[in-house]
Amino acid sequence: MSEQIEQALSRKYDAGFYSEIESETFENGLDESVIRRISAMKNEPDWMLQWRLKAYHAWLKMDEPEWAHVDYPKIDFQEIAYYSAPKSMKDKPQSLDEVDPELLRTYEKLGIPLHEQEMLAGVAVDAVFDSVSVVTTFRSKLEEAGVIFCPISEAIQKYPELVKKYMGSVVPRSDNFYAALNSAVFTDGSFVYIPKGVRCPMELSTYFRINEQNTGQFERTLIVADEGSYVSYLEGCTAPQRDENQLHAAVVELVAMDDSQIKYSTVQNWYPGDENGKGGIYNFVTKRGLAHTNAKISWTQVETGSAVTWKYPSCILKGDNSVGEFYSVALTRGRQQADTGTKMIHIGKNTRSTIISKGISAGRSNNAYRGLVQMGPKADGARNFTECDSLLIGDQCGAHTFPYIESRNPSAIVEHEATTSKVSDDQLFLCQQRGMDAEKAVSMIVNGFCKEVFKELPMEFAVEAGKLLEISLEGSVG
Amino acid sequence: MLKINNLHASVEDKSIIHGLEMEVKPGEVHAIMGPNGAGKSTLGYVLSGRDGYEVTEGSVELDGADLLDMEVEERAQAGLFLAFQYPVEIPGVSNMEFMKESVNAIREHQGKEPLSAAEFLKKAKAAAKQVQLPLDFLKRGVNEGFSGGEKKRNEIMQMILIEPRVAILDESDSGLDVDALQVVADGVNSQRDGERSFIVVTHYQRLLDYIKPDFVHILADGKIVKSGDASLAHEVEKSGYSFLGKKYEEAEA
Amino acid sequence: MSQWLNEVIESASATSDFLAPFRKQALSSLEQAGWPGRRNEAWRFTPLTSLEKREVKHVQQAASAQPPSIEGLSAFELVFVDGKLATDTSQLATPEGVTIASFDQLDDTQKQAASEVFGQIKPARHIFGLVNDIASTQGIFIDVADGVQMDQVIRVANLVTQDVDAHTRILVRVGKGASAKIFEHAEGTVASMSTAFSEYAIAEKGHLEHYRFAMMTGQAKQIGGTHFQLGDESTLNSTVVGYGSELSRLDVDIIHAGEHADAKMNAVYLLAEGELFDLHSNIEHTVPNGTTEENARGIVGDRARAVFNGRIHIHRDAQNTLAELNNRNLLLSRRGIINTKPELEIYADDVKCAHGATVAEIDEEALFYLLTRGVNRSKALVMLNFGFIQELVNKMPDAAIRQWLLPKLNDRFAQMEVK
């Protein structure tokens with residue numbers, strides 16, 4: 001029976017192709033001059049360069065975190081190239097017609113057509129290829145509503161005041177080892193600003209693609225939702241199939257001003273390495289949102305890729321009545337390792353948070369939920385509810401739960417529950433007796449297990465992204 | 001004794017009771033019947049002061065005092081008792097300790113001396129015997145692990161010990177077999193002394209064969225739509241709530 | 001290394017008894033591990049700064065003290081006073097099939113048996129367990145032979161009456177099909193530092209009823225551990241009671257070494273003033289078919305801090321395990337802190353594991369029920385809060401100990417409420 005389950009789980013990685021695109025790539029290595037060159041390539045103002053350098057010097061003094069339940073060889077940060085961009089991007093194409101057709105084909109192959117007329121209705125895309133943003137669609141339509149959606153490199157030029165004010169305000173430069181590294185060497189990413197009272201007229205999304213060998217991708221995303229505004233944002237990511245590990249260390253900062261709402265969804269499908277654990281992306285990401293009064297930040301993630309995942313999208317619930325949510329499905333197979341979860345920091349009164357985490361472990365993988373719920377002394381009436389469920393498929397994998405709870409307020413309520421279960425032979429037998437094959441049966445059971453999370457994905461993506469990005473197990477999304 | 005004037009109440013901004021009028025005089029037994037969702041249980045919660053049950057209009061007087069102005073425990077001390085339809089379990093708090101605390105809090109309010117442990121034990125044993133609960137139920141946690149019928153009998157036992165002015169019995173008959181029903185009814189009847197009043201909330205006429213009501217009220221859509229004597233209950237038993245209109249006829253089918 | 005630890009090592013180096021080879025090994029492990037700082041996960045929420053610079057104090061004059069008497073308790077009484085076994089008050093008698101002896105009294109066979117327990121069950125990761133390994137010259141070995149059913153409780157009291165460093169050890173073997181009741185009872189309020197570790201090897205079909213009351217308060221620092229190894233079809237029923245003090249830490253390990261063993265553990269802690277109590281429990285299911293149920297409940301008032309870490313570790317082959325852990329806390333004060341972390345580490349798929357943790361106010365529905373019965377709000381809150389603890393205390397198998405404990409807890413709780 002378990003062999004059938006294994007088969008059902010072993011799908012090939014469709015996004016594993018490499019695009020023949022002539023690129024300009026820095027030689028491997030990191031020192032101050034590399035940071036100066038990145039800054040110069042991006043034509044950055046001096047304040048940005050100084051910010052990067054401060055981060056770099058902080059990073060030099062920091063240690064790689066070792067507390068996560070993951071095991072991988074030490075990364076040599078001098079063996080990574082910190083910048084790579086298609087040569088064709090050098091002259092900054094002004095419209096889609098000027099973009100290298102090979103680049104566009106790459107995205108088409110991934111199911112992300114960048115021609116606006118072919119796109120999913122109501123979704124604007126920023127496509128980031130290695131270290132640069134290729135194109136951002138629907139910009140004029142968004143501009144009409146006053147929404148800014150552009151590569152962060154462009155935002156630094158065009159909206160320096162906004163960037164200066166908010167970059168590093170949620171994830172400080174020297175927050176942790178990987179965030180500091182990112183702050184020093186980030187190359188591109190998306191910037192979003194939703195003005196007061198505006199409901200963003202379409203879904204925004206960024207699609208990240210690592211293509212070149214030995215390059216790290218260090219993108220930085222900053223989303224600011226001004227008072228009373230609303231935005232829903234989705235990111236997707238893939239990389240070619242290679243034998244070497246590659247590093248992806250991103251930083252995402254969300255600022256939700258009073259009464260605003262940010263919904264951030266991730267479909268993470270970086271190359272996970274082969275069945276024996278060879279190759280794959282190290283996905284070491286810092287994501288954090290700051291919620292002011294009555295604001296709401298909702299993180300939804302579907303994590304199926306990467307060799308090693310180290311990621312804790314968090315909410316700082318600073319304003320009274322602010323709300324934080326975290327919905328996660330993490331699937332690990334083969335030799336994948338995931339240590340992921342969230343932090344809910346309750347500072348304001350009557351703040352609320354919900355954590356629903358579904359971990360599915362198969363093969364020889366290890367899947368850990370790690371979370372922190374903290375009730376500060378002023379968080380009167382704050383509440384948290386956490387549910388962590390693990391599903392084990394096979395007897396060679398591991399499922400782990402490490403929830404930290406701290407309360408300093410007598411009127412705050414924290415509830416945490418965790419369970420484990422397996423796809424039982426009985427369940428499989430029942431499905432098969434009713435005429436389903438094993439693959440369909442496993443898919444169905446897993447999908448049922450993840451339902452609470454899938455329903456949080458934006459409609460446009462739940463259907464389309466499911467198909468395009470193999471949102472989870474083959475055939476498990478109906 | 002208990003006067004309800006034009007009572008309007010809502011739960012989570014949904015209006016459940018709108019314009020209920022009722023007067024209960026000393027020694028009377030009033031039965032409130034009605035279809036599901038008529039607001040029967042809500043009435044008990046509103047009168048006893050449960051959080052989230054908001055009175056939006058009207059007044060309630062108990063012996064001339066403004067009941068709605070009192071805290072939950074003050075209402076109980078003033079003589080209002082609610083026998084719950086689904087009594088909560090409180091593991092770790094012994095039934096005995098709990099009832100002693102309750103009885104003495106009420107006595108204190110009445111200016112009486114608290115009962116000594118021995119006096120209370122004697123009364124509690126007698127009450128347990130009356131409702132046919134084994135004595136070890138006094139030692140167990142409040143309602144902890146009690147069956148549905150045992151919980152109902154435990155409610156009646158508390159009523160006997162507390163000796164309230166007005167007791168509201170919220171579907172105290174639901175889920176009981178005939179023997180248990182007899183025990184509950186006997187418990188209530190033993191407390192009828194011409195002074196104490198009862199509001200018996202029930203879905204079925206059955207209980208009223210055992211506890212004879214002076215008045216029967218039909219509650220529908222949050223107000224009393226029909227009142228009468230005991231014969232009204234029989235009428236309902238025979239032909240259901242069809243007289244209320246098609247909506248209820250179907251609901252009862 | 002801290003000054004205190006250096007001194008402990010220095011003064012322990014002179015000992016040479018039958019346990020010397022084990023002590024030597026512990027010393028080298030200890031030197032490798034070093035002093036645990038805040039970045040050490042096991043000590044993350046429990047600062048050791050007050051211990052770091054302590055000067056080691058030796059007993060000048062042995063005091064005499066009696067453990068609190070417990071009405072109706074039929075027990076063999078063993079008493080450590082300020083870290084020394086009080087031979088005059090201790091009953092080192094040997095009923096049929098039972099050995100109760102201090103380390104320096106053991107014959108060769110007994111030494112062999114004791115060596116098979118010393119440091120063999122307690123995992124080496126406990127730094128203060130290693131400290132106890134090298135420094136616990138005072139210890140008791142208890143052996144209950146195969147098939148012997150002991151009705152009487154063996155109480156080992158650990159009393160501190162003066163500023164002293166005390167290191168005591170208990171080694172227990174419960175034979176095949178045997179049954180024993182052992183009660184570790186620590187009391188004391190004066191400034192002092194004690195480590196108290198116990199190891200229990202429960203053989204096939206053996207049964208142990210166990211109590212560990214860590215009731216030292218005030219300035220008495222206590223760091224201890226109780227470590228159980230369960231053989232095939234053995235059963236364990238353990239109750240832990242924790243009072244906080246300036247520094248109070250207890251590590252419990254339950255190791256399922258044999259199949260079909262059943263472990264139950266209930267823990268309650270009541271903390272007031274600036275007290276700290278840190279309970280780390282670790283359940284190791286290394287073989288299939290074991291069951292574990294753990295419930296820990298605590299109430300924290302004033303400026304107190306409760307730390308709970310409950311780990312369940314299901315090893316690769318431990319199929320068919322049933323393990324549950326539940327930790328519930330009440331925080332009564334705005335200056336108090338609760339840190340709880342239930343952990344699951346699972347490497348086998350055919351298991352049923354669950355944990356839950358809550359930090360909350362009392363049940364609103366239960367409060368309403370009490371209020372409708374005329375009970376005043378403040379009294380209702382006390383009843384519900386205490387009921388929360390009492391529910392677990394009521395599950396203690398020994399009625400005499402239970403009846404002694406309840407009013408103690410009640411008084412402690414009442415004092416907390418007043419403040």
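This is a predicted model: local features need pLDDT of at least 70, side-chain atom pairs count only at pLDDT 80 or more; totals for chains, interfaces and linings use all residues.
Across the interface of chain A and chain C, 20 residue pairs are in polar contact, both partners at pLDDT 80 or more.

**Where chain A meets chain C**

On the chain A side, β22 (398-407) and β23 (413-422) each supply at least two of the residues that touch chain C. The largest share of that side comes from β22(A), with 10 residues. Sorted by class, the side of chain A that touches chain C splits into 13 nonpolar, 13 polar and 7 charged residues.

Counting both partners, 33 residues of chain A are in contact with 36 residues of chain C. Between them they bury about 2900 Å², and carbon and sulfur atoms give 49% of it. Which three residues supply more of the area that chain A buries against chain C than any other three? They're A:Y404, A:I405 and A:P410, with 21% of that area.

Charged pairs show up here too: the rule finds 3 salt bridges between chain A and chain C. One of them joins the side chains of A:D380 and C:R334, at 3.1 Å from N to O.

Now back to β22(A). This strand pairs with β18 of chain C (residues 337-346), in the antiparallel sense and over 6 bridges. To find your place in that pairing, look for A:A399, whose bridge partner in β18(C) is C:I346. In general, strands of a sheet pair through backbone hydrogen bonds, either parallel or antiparallel.

**Where chain C meets chain B**

Chain C also touches chain B. Here the contact takes 19 residues from chain C and 31 residues from chain B. The buried area is about 2200 Å², with 64% of it from carbon and sulfur atoms. On the chain C side, C:F368, C:Y369 and C:R373 lose the most area to chain B, and together they make up 37% of what that side buries.

For the polar part, there are 10 residue pairs in polar contact between chain C and chain B, both at pLDDT 80 or more. Two helices of chain C, α6 (364-372) and α7 (377-393), each supply at least two residues of the side that touches chain B. By class, that side of chain C has 8 nonpolar, 5 polar and 6 charged residues. The rule finds 2 salt bridges across this interface. In one of the two, the side chains of C:K379 and B:E101 meet at 3.8 Å, N to O.

| Chains | Residues | N to O distance |
|---|---|---|
| A and C | A:D380 and C:R334 | 3.1 Å |
| C and B | C:K379 and B:E101 | 3.8 Å |

**Inside chain B**

Chain B has an open sheet of 4 strands, in the order β2-β1-β4-β5 and with antiparallel pairing. Its edge strands are β2 (14-24) and β5 (65-66), each of which pairs on one side only. Further in, β1 (residues 2-11) and β4 (residues 53-62) of chain B pair in the antiparallel sense over 8 bridges. If you want a landmark, B:H8 stands opposite B:E57 in β4(B).

What lies across β1, β2 and β4 of chain B? That's helix α1 of chain B (residues 40-48), which runs at about 105° to β1(B).

Technical notes. Residues are numbered from 1 along each chain as its sequence is written. Chains are lettered from A and ligands numbered from 1 in the order in which they are written. Side-chain values use heavy atoms; hydrogens and water are left out. Contact means heavy atoms within 4.5 Å. Buried area is the accessible area (1.4 Å probe) that two parts lose on being put together, summed over both. A salt bridge is a side-chain nitrogen of Lys or Arg within 4 Å of a carboxyl oxygen of Asp or Glu. A polar contact is a pair of N or O atoms within 3.5 Å; within protein, one must be able to donate a hydrogen and the other to accept it, and residues adjacent in sequence count only if both atoms are side-chain atoms. Ala, Val, Leu, Ile, Met, Phe, Trp, Tyr, Cys and Pro count as nonpolar, Asp, Glu, Lys and Arg as charged, and the others, Gly among them, as polar. Two strands pair if DSSP finds at least two bridges between them. Axes are lines fitted to C-alpha atoms, for helices over the stretch in contact, and angles run from 0 to 180 degrees between N-to-C directions.
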